[in-house]
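Subject: Structure for you to look at, with notes

Dear colleague,

Please keep it open beside the text as you read.

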Amino acid sequence: MPITNHQLHAPLRSTPSSSSSSHSFSSKILLLLTLLPVSLATIAFILQWRGGITDPATLLSPPGSLHFPGMDPSPLSPVSHSHSDCVKLGRSSSPSFPYYHNWKLDFEASLRPKICVTTSTSAGLEQILPWMFYHKVIGVTDFLLFVEGKAASPEVSKVLESIPGVKVIYRTRQLEEQQAKSRIWNETWLSSFFYKPCNYELFVKQSLNMEMAIVMARDAGMDWILHLDTDELIHPAGAREYSLRQLLLDVPGNVDMVIFPNYESSVERDDVKEPFSEVSMFKKNYDHLPKDTYFGMYKDSVRGNPNYFLTYGNGKAAARIQDHLRPNGAHRWHNYMKTPNEIKLEEAAVLHYTYAKFSDLTSRRDRCGCKPTKEDVKRCFMLEFDRSAFIIASTGTEEEMMKWYNEHVVWGDKDLKLKLLRKGILTRIYAPMVIVQSLRESGVFSSVIASAPTLSKESFLQSIDSSNSSRAVASVSLPSRKAGRTKESQATVRKVLDIESSSFHEVAVPPLSPPGVDDIDLSSES
């Protein structure tokens, strides 16, 4: 067939061979892009494999830093150990917290500032150890533990005494006689709390222990002192690193006291067993919220309870160790010779895990000698919610208490939670949970329990005598309250008060509730 002129000038079309070449090139590109990340991941895995090539970064690590508690099987089996505290604490031994060289978390002598935490406690190891080692992780160097009850038992105290940087002080007759001579009994700032039962008695006891702790901390070369309960954790937000040491290092030298506003735990279940590891939701403090948000959402936040917080709302404080320092109740410090220069932190807080367990409510039944009536509980408890909790714990059945607990403590309304989280009233804080869980999984708690010496009854009694005999003497000793207040002792006190300006005897700061709706007008004027 003859070829026409039109066929000679027809447009060229792609041939099957050129299409196949383009497809082959695309496949090669895709294969390269797939193999590249897989190869990099394989190289990274080989470098991190402990049984293979040595990671160059480990060559710079100090000797022993690769061996962290939990990397080897713990000598303490949670199944074989009989103590209930240890069953909760001796768990997994996975190496998920390799930040320190050993479980003791002891610090170099040159590390500054040196921070001391003091507490008065009757708790067991299941509460004290997570509380203590969490604070060790964030930079606390020393602990002064005034113990009684379960905390003073041989199986608990022997463990506490074996931990570096921990001083255990037992509530013996010798201690009570020494504290009976404290100058506090002859001063006015704490006198309204004297000779009252339950919470008032505890408040006085805490103040006397804090007075003694100041002297002990000063003799130990501490720079700062805090008083915390064992259901409270410092949350050092706002520092360059998650460190209380770094936070206090950045405080100006002319500041005497640092106030940590408190956040309150907001539990979402009624079966929480280990609050530090299970609770992540907290209600923020008034000081960390816009006033219009706080008062605008007040009714939703309270949920029918007496106040915005279940318990106190005035935070805790750290004080710089210096001459004439004294406690001003469990929440503050003061100075006999001047008004302290204080600052309130805008981001850091003390996390208060209050009523976080159902047993925190049921245990109220056995406290104090008060009758479970609205009038009589005022003698024993300072805060309204504590009074209500004592009454239901003393009069209700198990079912009634659980119902009350879910209505007043547990945050079960998902829509309300979401609303308050969006408004900033509620917030999520995970750092303490992660730290405590990691400490437990790394075998820190089981290691300290396993390494504690076994004490006989005689050795235990000698340990108490030794601990209390080495205790520092309180700053000023005046006639004992047990001896009665004679005219002579009153005259002596009056001379002391005349020397020191009355303005420096500020009344002790009790646990106070946050502002209520009645304070809206007062707040707007300030």
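The side chain of D376 meets that of R379 in a salt bridge, at 2.8 Å from N to O, and R379, at 41% relative accessibility, counts as partly exposed. A salt bridge here is a side-chain nitrogen of Lys or Arg within 4 Å of a carboxyl oxygen of Asp or Glu.

Before going further, please note that this is a predicted model, in which local features need pLDDT of at least 70 and side-chain atom pairs count only at pLDDT 80 or more, while totals for chains, interfaces and linings use all residues. Residues are numbered from 1 along each chain as its sequence is written, and side-chain values use heavy atoms, with hydrogens and water left out.

Salt bridges

Side chains of opposite charge can pair when their charged atoms come close. By the rule above, the count comes to 21 salt bridges. One of them joins the side chains of D223 and R112, at 2.8 Å from N to O. D223 lies in the loop between helix 7 (199–219) and strand 4 (224–227), and R112 in the loop between helix 3 (84–89) and strand 1 (115–121), so the pair ties together parts that are 111 residues apart in sequence; helices (H or I, at least four residues) and strands (E, at least two) are DSSP runs, numbered from the N terminus. D223 is partly exposed at 23% relative accessibility, and R112 is partly exposed as well, at 41%.

A further salt bridge is formed by the side chains of D229 and K316, at 3.8 Å from N to O. This pair links distant parts of the chain, with D229 in the loop between strand 4 and strand 5 (232–235) and K316 in strand 9 (residues 316–320), 87 residues apart. K316 counts as buried, at 2% relative accessibility, and salt bridges that share partners join D229, E232 and K316 into one network.

Backbone details

Y195, in the loop between helix 6 (173–179) and helix 7, has a phi near 60 degrees, a positive value in a residue other than glycine, and it counts as exposed at 59% relative accessibility. H324, found in the loop between strand 9 and strand 10 (325–327), likewise has a positive phi, near 70 degrees, and is partly exposed at 44%.

A helix pair

Helix 4 (residues 125–137) and helix 5 (residues 154–161) pack at an angle of about 15 degrees, with their axes 11 Å apart; axes are lines fitted to C-alpha atoms, for helices over the stretch in contact, and angles run from 0 to 180 degrees between N-to-C directions. That makes helix 4 roughly parallel to helix 5, a term for angles under 35 degrees. In the contact (heavy atoms within 4.5 Å), L125, I128, L129 and M132 in helix 4 meet E155, V156, V159 and L160 in helix 5.

Technical notes: Angles under 35 degrees count as roughly parallel, over 145 as roughly antiparallel, 65 to 115 as roughly perpendicular and the rest as oblique. Buried means under 20% relative accessible area, exposed over 50%, partly exposed in between (1.4 Å probe, protein chains only).
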